[in-house]
Amino acid sequence: MAIEYLKRGKPEADRAEDDAKTAAVVEATLKDIETRGDAAVHELAVKFDNYDRETYRLSEEEIQAIIAKVSPREMADIKFAQEQVTNFAQAQRDSMLDIEVETMPGVILGHKNIPVQSVGCYVPGGKFPMVASAHMSVATAKVAGVPRIVACTPPFNGEPNPAVIAAMHLGGADEIYVLGGIQAVGAMAIGTETIDPVHLLVGPGNAFVAEAKRQLFGRVGIDLFAGPTETMVIADDTVDAELCATDLLGQAEHGYNSPAVLLTNSRALAEATLSEIDRILGILPTANTASVSWEEYGEVILCDTYDEMLQVADDIASEHVQVMTDRDDWFLENMTCYGALFLGPRTNVANGDKVIGTNHTLPTKKAGRYTGGLWVGKFLKTHSYQKVTTDEAATLIGEYGSRLCMLEGFVGHAEQCNIRVRRYGGINVPYGEGAPYREAAE
């Protein structure tokens, strides 16, 4: 058994150095926003977005004027995609039930799924206007029942992108701001004179946005720690090199640091895919970006067996994993670490990104080992509650609780139990002692 790298990407140490530089910039910028509020946000918007307005929130009249620029056909496409996303999100929401059970006579336990009360949705728009990201964050938050949804997106070619604004508005955004980068997520999380802070930040973004969310975590919740788009193609000789190369480069065009990995047990397919990638880069309009990602972050890994392929795939824990083999369902059954799976040659990551209905905000940088992606459940908080309804139950639970608190040395805790044992059970427990054993409690 052997695992052979026919092509390797940029060393992890180099990537860590880049991350450290980004972190320093973000820390200083967030401190500036916290100190100077709207003034800092305005300066950053002018500097980085070249966009100067008195207020960056769009009025209802401005929103309608911008949406009017979207053609009827484009609007129909946006509505179709949003319908798929909301339908799946609603199905997920319907699966999350409040519960209440009586675990023993007189003891009632339950939980409620309560929407987060305010969410900040970031929709990227630097190189490309990410219309689909509005569905994934804004529309999904709406399905969850979030009462205040704030959406931010940078200007595209100097103006708000009509399709993005339309998707935000149709998705249910209550406030829309034309802001990008650190200033957007910082303003939403920290708050300014004109923007009330939110409780949760969601949505993808560049390295600076991702780092800002990381540093803001704790002050607010975040959906996940996200990095550059990642894709992995797991393939055997049941598919051809053109399909593999197309799927790899289709995600490499996201940015200059988007890892793309081919994992295969076919040397012929691996070598043919390398050649096919060179051919496609010669005709791909976004090759200036995709070629850098492929050169610095692309990898081709050759394995002897399917078990080795599974092992490597779970270790890498890629964001998008496209499986095109003679045993796709076997990978579905056995893979444990990934963002989302795309099974079979008829399926592709682009459909998942844009229209099919699953959420495209997914874990990167091996985070798929401990979390899934954004979904309607991320906008809900599951809160438990307890209720004791009979004297007998209050006494019985209190006796056990009293003794267990004393076992740990928490006398004050024990007294919370003891006072109820005295009142509802008529048992005289000396102050500061554990409840005595009695036959009924054993």
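Tutor: Happy to. The protein has 16 helices and 14 strands, where helices (H or I, at least four residues) and strands (E, at least two) are DSSP runs numbered from the N terminus. This is a predicted model, in which local features need pLDDT of at least 70 and side-chain atom pairs count only at pLDDT 80 or more, while totals for chains, interfaces and linings use all residues. Residues are numbered from 1 along each chain as its sequence is written, and side-chain values use heavy atoms, with hydrogens and water left out.

Now to the pairs themselves. A salt bridge here is a side-chain nitrogen of Lys or Arg within 4 Å of a carboxyl oxygen of Asp or Glu, and a search of the whole structure finds twelve of them.

Let's start with Arg-219 and Glu-34, whose side chains form a salt bridge at 2.9 Å, N to O. Arg-219 lies in the loop between helix 8 (207–216) and strand 8 (221–222), and Glu-34 in helix 1 (residues 12–36), so this pair ties together parts that are 185 residues apart in sequence. Arg-219 has a relative accessible area of 47%, which makes it partly exposed; the scale runs from buried (under 20% relative accessible area) through partly exposed to exposed (over 50%), using a 1.4 Å probe and protein chains only. Glu-34 is partly exposed too, at 45% relative accessibility.

Next comes Glu-43, which forms a salt bridge with Arg-36, their closest N and O atoms being 2.9 Å apart. Glu-43 is partly exposed, with a relative accessible area of 45%, and Arg-36 is partly exposed at 30%.

Arg-279 and Glu-276 meet through their side chains in a salt bridge of 2.5 Å, N to O. Both residues belong to helix 10 (residues 267–281), where they are three residues apart, about one turn of the helix. Arg-279 is partly exposed at 41% relative accessibility, whereas Glu-276 is buried at 15%. Besides these pairs, there is a network: salt bridges that share partners join Asp-32, Arg-36 and Glu-43.

To set the pairs in context, the protein has 37 positive and 63 negative side chains, counting Lys and Arg as positive and Asp and Glu as negative, with His and the chain ends not counted. The centres of the two sets lie 5 Å apart, each charge being placed at NZ of Lys, CZ of Arg, CG of Asp or CD of Glu. Of the 442 residues of the protein, 51% count as buried.
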